[in-house]
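Work through the exercises below with the sequence and the 3D view side by side. Try each task before reading its solution.

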Amino acid sequence: MKNTLVSIFLALLLILTPYLPNVIAQDSPQWHLPEGAKARLGKGGIYEIAYSPDGTHLAVASSIGIWIYDVQTGEELDLLTGHTSWVSSVAFSPDGRVLASGSTDAILWDTETGRQLHTLTGHTYGISSVVYSPDGQTLASGSWQEIRLWDVQTGRHIRTLTGHTSYVRSVSFSPDGQMLASGGGRQIGLWDAQTGRHIRTLTGYTYFIESVAFSPDGQTLASGDGFEIHLWDVQTGRQIRTLEGHTGLVLSVVFSPDGQTLASGGYFGTIRLWDIQTGRLIRTLTGHTISVDSIVFSPDGKTLASGSRDGTIRFWNSQTGTHIRTFEGHTSFASISFSPDGKTLASGGGTEIGLWDAQTCRHIHTLKGHTERVSSVVFSPDGKTLASGSWDNTIRFWDVQTGRHIRTLSGHTSSVSSVFFSPDGETLATWDGSEIRLWDAQTGRHIRSLKGQTRYSVAFSPDGQTIATGSADNTARLWDVSSGVHLRTMTGHTASVSSVSFSPDGQTIATGSADNTVRLWEVGTARQLRTLTGHTDRVRSVSFSPDGQTIATRSGDNTVRLWEVGTGRQLRTLTGHTDYVYSVSFSPDGSTLASGSSDGTVLLWDLAPAPSQLPEDVNDDGIVNIVDLTLIASNFGETGSNAADVNGDGVVNIVDLTLVAAAFGNTAVAPFALGRDSEIAPTRTDVAAWLREARQLNLTDAAFQRGIAVLEQLLVSFTPEETALFANYPNPFNPETWIPYQLATPTDVRISIYSADGQLVRKLDLGHQPIGIYNSKNRAAYWDGKNALGESVASGVYFYTLTAGEFTATRKMLIRK
């Protein structure tokens with residue numbers, strides 16, 4: 001009966017399979033996610049492709065591992081991971097049972113199970129090429145100035161062939177297995193495969209050799225270098241002919257199985273087919289938008305597959321040149337950006353831009369039009385428009401909803417590296433390395449240019465009034481947007497400043513530099529606040545979290561690091577990319593960080609705190625702090641099951657509160673830190689009452705006494721040394737904002753709000769206030785964006801003044817609608 005049911009199930013599965021969604025293809029990018037990442041976009045860049053001997057599978061050497069595809073369906077069957085860097089080369093054994101991959105080491109894989117059989121180590125530098133001997137007993141690997149031969153059965157190193165003076169880019173066995181050809185630098189080496197004896201060297205090249213291949217009869221060797229392909233007589237070393245026609249570097253050459261045709265892949269995305277007997281160009285295959293790094297014929301010779309840096313693998317009819325199908329999903333990501341509502345992620349890579357659903361990772365649109373690499377993408381503040389900058393020297397505007405191209409801005413004379421919208425969305429700043437251009441975002445009109453520095457980065461202040469730039473002269477500078485006047489300079493870095501970023505409140509600037517450090521500066525004075533160290537390579541990007549409490553940095557060491565702004569302490573190091581991280585972007589709610597890399601992937605990292613294991617962490621946010629105290633106070637007298645009942649005695653009381661205070665010392669976070677957005681915050685009066693009640697219990701337990709000490713310290717912290725007015729939040733805002741302040745003495749408090757022309761808009765009389773810190777939303781002054789008549793005010797800059805007794809202070813804020 002059991003066997004019958006199984007048979008019925010299998011039959012139904014076969015019938016229904018064509019109608020089932022391709023779940024494997026959809027979910028495959030999520031295989032083998034690095035620790036801390038919750039999703040991946042993209043499948044990594046393509047370095048080499050290889051057919052299985054039976055022609056049913058295609059192996060793709062990528063930046064995140066080796067993908068195995070079903071050739072007929074395009075379904076991803078497996079992702080083999082185990083290398084610590086990108087995979088540069090793959091080769092199937094002649095019997096198809098073993099797959100070899102080259103990276104910083106070489107790994108032999110069982111193709112049936114995906115199990116690692118051997119890891120081959122010994123090369124000092126990365127492996128650029130791996131190839132099997134025709135009998136499958138030997139593997140050759142090419143690296144810097146050497147070729148190594150390995151016993152496939154045991155993984156034992158047999159011998160090393162030396163003589164090259166540069167990187168060996170390609171190795172190939174002759175069909176009879178007696179000879180090995182190696183291409184490196186401007187020469188080809190021919191070797192006796194059995195003894196390792198050097199036979200001869202083929203020279204006369206102008207450019208570096210990228211690829212070598214034997215003809216099926218072993219009589220001819222083809223090599224690709226520069227813009228040409230050379231054909232050589234293997235026995236004599238004589239050059240037979242030169243094939244010309246490529247307008248870019250020739251990166252890959254391969255013979256058809258019958259030896260009648262040679263295929264070559266070029267830098268500008270073209271593939272050319274040549275008649276070997278005559279040297280005549282048969283046809284040119286076009287469709288790729290950038291370099292074709294790998295081409296391979298199917299074992300029966302009927303199909304040609306090509307892998308490109310444009311992220312696609314294309315299949316062609318080798319007889320007619322007709323395009324058959326395309327596998328997509330492999331590309332690089334130079335820039336990423338979240339939409340303001342956090343629902344959409346834009347990625348720029350190659351010549352195209354991808355729009356993705358940030359929750360499901362579903363691809364929404366592909367935006368095409370740029371003719372060179374897309375280096376920067378950014379959403380307008382209202383989320384309706386996307387701007388993109390490219391190496392084609394242009395900026396393009398796109399309709400996010402439809403994917404329609406709106407307009408193109410031209411005028412830059414070199415690659416556009418960065419694009420930024422002003423906070424009000426009215427201005428776009430673009431940078432090409434030497435010039436910053438300001439554009440009217442509505443009309444595309446060029447407003448003005450800022451020149452005079454070789455700049456590496458540009459950023460708008462939150463109020464849109466100031467631009468910060470990072471420069472090759474080791475400085476960062478501030479500029480007035482309206483006039484273009486230089487305001488002040490920040491000096492201290494010992495190498496070029498590659499990235500600048502304003503904090504959300506506009507009071508702090510973070511700069512990243514080629515001196516491997518991040519520095520924080522006070523905007524008003526250009527005074528350096530602190531230096532963050534830890535990166536082992538150039539810091540290429542800095543970005544503040546939406547709440548301004550965390551900085552994310554990316555570096556040439558392939559990592560993303562998170563830092564605590566208040567202390568400069570490093571919080572986490574995110575590892576998982578195998579190549580340069582080009583861009584990082586926080587989601588608007590700060591719960592996700594996206595990182596885009598030249599390894600061809602975007603990783604989405606979960607920044608939400610892990611569930612706490614501490615009973616004193618009442619709200620389970622991973623931190624024991626004043627919020628937990630306040631939650632306990634709000635539950636005083638409650639009985640039964642309750643998270644606020646820390647000691648589990650069935651009632652929430654002062655003992656629980658004091659135990660939480662005692663646990664403050666067990667966390668690495670500043671104990672009195674309370675987020676501005678918190679709806680709960682104790683007052684000085686609250687803490688004084690808690691302390692008084694705790695003392696009255698007269699408990700001598702050490703933990704309890706430690707809690708009393710913390711409450712005493714907390715009471716002191718609620719007594720500011722001076723009265724002060726702080727930056728409003730959020731800023732810019734629409735339509736409401738909170739204005740925090742602190743009082744060193746009890747006094748009457750008033751907030752006056754003025755328009756940019758000095759007219760009084762609104763007066764907030766807050767009455768007589770006691771000593772304390774008025775920082776959280778339930779204590780700070782609140783403005784709903786309306787004037788004294790209850791009318792909503794217009795967008796623009798406004799000023800607010802705190803009057804507290806004899807103290808007055810004024811700050812600036814921006815309404816953006």
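Predicted model: local features only at pLDDT ≥ 70, side-chain atom pairs only at ≥ 80, totals over all residues.

Residues are numbered from 1 along each chain as its sequence is written, and side-chain values use heavy atoms, leaving out hydrogens and water.

**Exercise 1. Find out how many residues of helix 4 are buried, and what sits at its start.**

Step 1. Locate residues 654–662, which form helix 4. Helices (H or I, at least four residues) and strands (E, at least two) are DSSP runs, numbered from the N terminus.

Step 2. Check burial. Buried means under 20% relative accessible area, exposed means over 50%, and partly exposed lies in between (1.4 Å probe, protein chains only). Eight of the nine residues in helix 4 are buried. They are I654, V655, D656, L657, T658, V660, A661 and A662.

Step 3. Look at the start of helix 4. Here a side-chain oxygen of N653 comes to within 3.1 Å of the backbone nitrogen of V655.

**Exercise 2. Describe the surroundings of S388.**

Step 1. Test its accessibility. The relative accessible area of S388 is 0%, so S388 is buried.

Step 2. List its contacts (heavy atoms within 4.5 Å). Neighbours within four places in sequence are left aside; the partners of S388 then include I353, V374, W398 and V419.

Step 3. Pick out H370, another of these partners. The side chains of S388 and H370 are joined by a polar contact of 2.8 Å. Such a contact is a pair of N or O atoms within 3.5 Å; within protein, one must be able to donate a hydrogen and the other to accept it, and residues adjacent in sequence count only if both atoms are side-chain atoms.

**Exercise 3. What is the phi of N393, and what is that of N474?**

Step 1. Phi of N393 is near 75°, a positive value. N474 has a positive phi of about 75°.

Step 2. N393 is in the loop between strand 33 and strand 34 (395–399). N474 is in the loop between strand 41 (466–471) and strand 42 (475–480).

Step 3. N393 has 23% relative accessibility, so N393 is partly exposed. N474, at 24%, is partly exposed.
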